[in-house]
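Here are my notes on this model, as numbered points. Please read them with the structure open.

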Amino acid sequence: PSATFPLLFRTFFIPGLAEELAFRILPPPRFAALALAAYVLVHPLNALLFMPEARDVFYNPVFLLLSALLGGSCTLLYRRTRSLWPPVVLH
């Protein structure tokens with residue numbers, strides 16, 4: 001029980017909230033495609049620089065395609081709702 005909140009925070013709020021803010025909320029709408037490309041590319045870059053143990057996953061083309069689909073879905077959801085929280089929950 002005492003480890004539940006830190007785990008929830010690390011797995012839900014950090015990637016979901018931080019990435020949605022950085023790649024969906026902050027960029028102007030006309031840069032949505034560029035933000036989506038950056039979202040996909042940040043995963044292998046993150047593995048290269050900070051998480052070498054994740055390289056097998058983050059370099060995988062299927063994972064990168066799924067990241068693009070998730071990012072695109074989150075972008076559409078944000079544009080439709082104008083709320084941060086639906087894409088964070090989807091993420």
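1. Phe58 has a relative accessibility of 14%, so Phe58 counts as buried. The cut-off for buried is under 20% relative accessible area. Keep in mind throughout that this is a predicted model.

2. Phe58 has an aromatic partner. The ring centres of Phe58 and Phe63 lie 5.0 Å apart, and their planes meet at 15 degrees, so this pair is stacked. Planes under 30 degrees apart count as stacked. Is Phe63 buried or partly exposed? Its relative accessibility is 23%, so Phe63 counts as partly exposed. Phe58, at 14%, is buried.

3. His43 sits in helix H2. Its relative accessibility is 8%, so His43 counts as buried. Which residues does His43 touch, leaving aside those up to four places away in sequence? They are Glu19, Phe58, Phe63 and Ser67. Both members of the stacked pair are thus on the contact list of His43.

4. The structure has 2 aromatic pairs. Phe23 and Tyr39 form one that is edge-to-face, with 5.6 Å centre to centre and 70 degrees between the planes. Phe23 is in helix H1 and Tyr39 is in helix H2, 16 residues apart, and the pair links distant parts of the chain. Phe23 and Tyr39 are both buried.

5. Now the helix packing. Helix H2 covers residues 32-49 and helix H4 covers residues 61-81. Their axes are 9 Å apart, at an angle of about 140 degrees. The crossing of H2 past H4 is right-handed. On the H2 side the contact is made by Ala32, Leu36, Tyr39, Val40, His43 and Pro44. The H4 side includes Phe63, Leu64, Ser67, Ala68 and Leu70. Gly71, Gly72, Thr75 and Arg79 of H4 also take part. By class, this contact has 9 nonpolar, 5 polar and 1 charged residues.

6. H4 packs with helix H1 (residues 4-25) as well, at an angle of about 70 degrees and with the axes 10 Å apart. That angle makes H1 roughly perpendicular to H4. What residues make the contact? H1 brings Glu20, Arg24 and Ile25, and H4 brings Gly71, Cys74, Thr75 and Tyr78. The class count here is 3 nonpolar, 2 polar and 2 charged residues.

7. Glu53 lies between H2 and helix H3 (55-58). Glu53 has a relative accessible area of 66%, so Glu53 is exposed. How far is Glu53 from Val40, C-alpha to C-alpha? The distance is 18 Å in space, for 13 residues in sequence.

8. Last, the chain as a whole. The secondary structure comes to 5 helices and 0 strands. In order from the N terminus, the elements run α-α-α-α-α. The C-alpha atoms fill a box of roughly 35 × 35 × 20 Å along the principal axes. The chain has 91 residues, and 25% of them count as buried. Among contacts between residues at least 6 apart in sequence, 51% join residues at least 24 apart.

Conventions:
Residues are numbered from 1 along each chain as its sequence is written. This is a predicted model: local features need pLDDT of at least 70, side-chain atom pairs count only at pLDDT 80 or more; totals for chains, interfaces and linings use all residues. Side-chain values use heavy atoms; hydrogens and water are left out. Axes are lines fitted to C-alpha atoms, for helices over the stretch in contact, and angles run from 0 to 180 degrees between N-to-C directions. Helices (H or I, at least four residues) and strands (E, at least two) are DSSP runs, numbered from the N terminus. A crossing is left-handed if the near helix is turned anticlockwise from the far one by less than a right angle, and right-handed if clockwise. Contact means heavy atoms within 4.5 Å. Ala, Val, Leu, Ile, Met, Phe, Trp, Tyr, Cys and Pro count as nonpolar, Asp, Glu, Lys and Arg as charged, and the others, Gly among them, as polar. Angles under 35 degrees count as roughly parallel, over 145 as roughly antiparallel, 65 to 115 as roughly perpendicular and the rest as oblique. Rings of Phe, Tyr and Trp (its six-membered ring) pair if their centres lie within 6.5 Å; planes under 30 degrees apart count as stacked, over 60 as edge-to-face and the rest as tilted. Buried means under 20% relative accessible area, exposed over 50%, partly exposed in between (1.4 Å probe, protein chains only).
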